[in-house]
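Here are my notebook entries on a structure I opened today. I jotted down each thing as I looked it up.

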Amino acid sequence: MAFAALGSATGTADRTPLKTSRVAMLLLLPGLAYLLLFFLTPLVSLVVTSVEQPVPFGDVGQFQLAFNLQNYAEIGLHYLPHFARAGLFAILATFFALLISYPLAYFIGVKARRWPALQAVLLTLVIAPFFVSFLLRTLAWKAIMSDDSTLVSVLRSLSILPSDGHLTGTWFSVVFGLTYNFIPFMTLPIYASLERLDLRYLEAGSDLYASPASTFWRVTVPLSAPGIVSGTLLTFIPASGDYINASSSFLGSVQTQMIGNVIQSKFLETEQYPTAAAMSVALMAVIVVLVAGYVATTGTEDLL
Amino acid sequence: MAAGFAEAGADLELVGITKRFPGFTAIEDLDLRIPAGSFFALLGPSGCGKTTTLRLVAGLEQPTAGRILIGGRDVTNVKPYQRPVNTVFQSYALFPHMSVINNVAFGLRRRGIADPYGKAHEALQLVELDHLSNRRPQQLSGGQQQRVALARAVVNRPSLLLLDEPLGALDLKLRRQMQLELKSIQNEVGLTFVHVTHDQEEAMTMADTVAVMNKGAIEQMGAPEELYELPRTAFVANFLGQSNLFTGEVTSSGGPTGAAASIVVAVGGAKIEVPSERAQRHSGRVTIGVRPEKLVLHSSQPKKEAGTNVLGPGRITDVSFSGVSTQYQLVLPGFGLVTVFAQNMVFGPVVNLGAEVWVSWNVDHGFGLLDEPEVAPKFEPDTDTATIAAQARRELMAEIEEG
């Protein structure tokens, strides 16, 4: 299964013989029970809800069993921009997070190998933001980027930002927030594969006429591909469904709404459960297709 | 980028090379010249600086002082990827994310040489692995990986091919086979091979010239037979095969032994003759030696003849049978432990443990050394600073990066 990429960051998978013993099956039971209860059941419920229709003359939020594909049609009619924004923002955030995380992970995993204490400190710093709530951190960025902040006034006086320009509520702030929030998820898997990178391969590369840049692209990057694939998936998947960063109460505005924001408001505010469910199912399907395609093209062959 | 295919091997010259790592000196003022087209072996115990020498030549390490010349061109400051040198690494370092054929074609493609895959297939045919060209390295056995590593280096036709203990990980039988294969490939392609090893047998079977390295310096260099028959130092005498060494004062020099002049050394009450031309020093306290297989055992005292040395009587303390020969250990009062290798032939004395014996050898087989054997413990304590430094160096090596 292609999703094995998520779990294994190793370059060479152990090919231990697969033995299906009774004990192994027994040990699997809790996990299977968990999946059945907390993944499969809600999923079925979600799919069922997504084709429900309103109870005639019922109250707001009252729906009944039906086979109503209208909910899906509504996505195509009104919410394609939100889908597009979700995809675009998530791709941009993944790209920038990779751009920032790879050198960071390379430094911690390769350059800092001689000093394990430094490595430990740097890794702690990477995960340090987790000690503060996700919401608080995002709100802090909102304060930093708000219209009366020092940052904005400096940017305005430098004419980088027009005198009536904003940072919050723009595409920039949303992508910035997403990137910032997912950097640890990108850094840690890449670090895990770079930390094990055998530097003798790099020596072999330079011995075989490859310049440092060429060695990086042809040896270092492919050998850390498992980490890159895991990191990008761990960033892209949650980022595309994110509803915090793009929401108007945080870094976004009405113009930056992603599909996650729409789902959230339909579920929790306007109680249009079937449309929200239909959106969730559609989002899930799109992500599964995208990710499967991504792993199939980038990963598996190099993961081996 | 590096030049195209080398027409032939190139000379390698090291001039006054010194390499210091934090806390210790790996190589001290090394001068070395390896002629083009030769199969050269750098032989020495671990930590003697031989691998560092190789890494300096490959450019993976920068010398603290001195110059490196390949084919007359100074490459001391040339980056490793621009040197006309390829290495077969001890760990092979085959790229695990590439097929065998892509590994072999890697260097050719980086240099933009025409038809890289055709040439890579030819190189794989040379090592008889072309049928496995689409496999991943980790799907091959150790010996096959070694051959791929060799093909990956040879295919570039470097002026110099460096081999860093490439046979270290192989079992004995495969090793023998690979030694012969390497030798025949060298004959075929005519490149200059520089082979680093701690295995004296390997160095002697394969190389035209062997340099024995110890503590960052070359102790002796020459053809294998020369090194074996006439070691100059106690280190060489003991590292390259075994030797029986005796130390004593020279009592007379220039005395006649048949036609050749010889020196006579007084050891433990006996007088031992060594040809003057085979002795490094002719006066004072000297160490002389003889190889165990040159000794002949006698169960009764042999007649003292001109041109032979006789020692004895002594007692056999150990007999170990090893197929073609038997190794005897005997204690000779005044001389200490003496080792004798005797061919297992139908004739000759068969002696038992505890038997009283005499040994004799032809005077022409003895040799006189420049120095005295160091009194070293059998096992080096691993807490001394030198060992810690060597360990630090190994760790450092593992962390060294490109460029």
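How much of chain A, with its 304 residues, counts as buried? I found 42%, where buried means under 20% relative accessible area, exposed means over 50% and partly exposed lies in between, with a 1.4 Å probe and protein chains only.

A note to myself on ground rules: this is a predicted model, in which local features need pLDDT of at least 70 and side-chain atom pairs count only at pLDDT 80 or more, while totals for chains, interfaces and linings use all residues. Residues are numbered from 1 along each chain as its sequence is written, chains are lettered from A and ligands numbered from 1 in the order in which they are written, and side-chain values use heavy atoms, with hydrogens and water left out.

**Entry 1: chain A overall**

I counted 12 helices and two strands in chain A; these are DSSP runs numbered from the N terminus, with helices being H or I of at least four residues and strands E of at least two. Along the sequence the pattern reads α-α-β-β-α-α-α-α-α-α-α-α-α-α. The C-alpha trace spans about 75 × 70 × 35 Å along its principal axes. I also looked at contacts (heavy atoms within 4.5 Å). Among those in chain A between residues at least 6 apart in sequence, 67% join residues at least 24 apart.

**Entry 2: the surface of chain A**

Chain A exposes about 16300 Å², and carbon and sulfur atoms supply 72% of that; areas come from the Shrake-Rupley method with a 1.4 Å probe, and for residues only the protein chains shown count as cover. I then looked up a nonpolar patch of about 1000 Å², whose members include Y34(A), F38(A), L40(A), V44(A) and L65(A). Patches take residues with over 30% relative accessible area and no salt bridge, joining like charges within 9 Å and nonpolar side chains (Val, Leu, Ile, Met, Phe, Trp, Tyr) within 5 Å. A salt bridge is a side-chain nitrogen of Lys or Arg within 4 Å of a carboxyl oxygen of Asp or Glu. L40(A) sits in helix α2, residues 22-50, and is partly exposed at 40% relative accessible area.

**Entry 3: N261(A)**

Is N261(A) buried or exposed? N261(A) is buried, with 3% relative accessibility. Its place is in helix α11 (residues 259-268) of chain A. Beyond neighbours within four places in sequence, N261(A) is in contact with D242(A), Y243(A), A246(A) and S247(A). I noted H82(A) too: 179 residues separate the pair along the chain, yet their C-alpha atoms are 8.7 Å apart.

**Entry 4: the sheets of chain B**

I found an open, antiparallel sheet of four strands in chain B, in the order β2-β1-β4-β5; strands pair if DSSP finds at least two bridges between them. Why is one side of β2(B) and of β5(B) left without a neighbour in the sheet? Both stand at the edges, each with a single partner strand. Two bridges join β4(B) to β5(B), and L69(B) has D74(B) as its bridge partner.

Another open sheet in chain B has six strands, ordered β6-β7-β8-β3-β9-β10, with mixed pairing. β3(B) and β8(B) pair in the parallel sense over five bridges, with V194(B) as the partner of F40(B).
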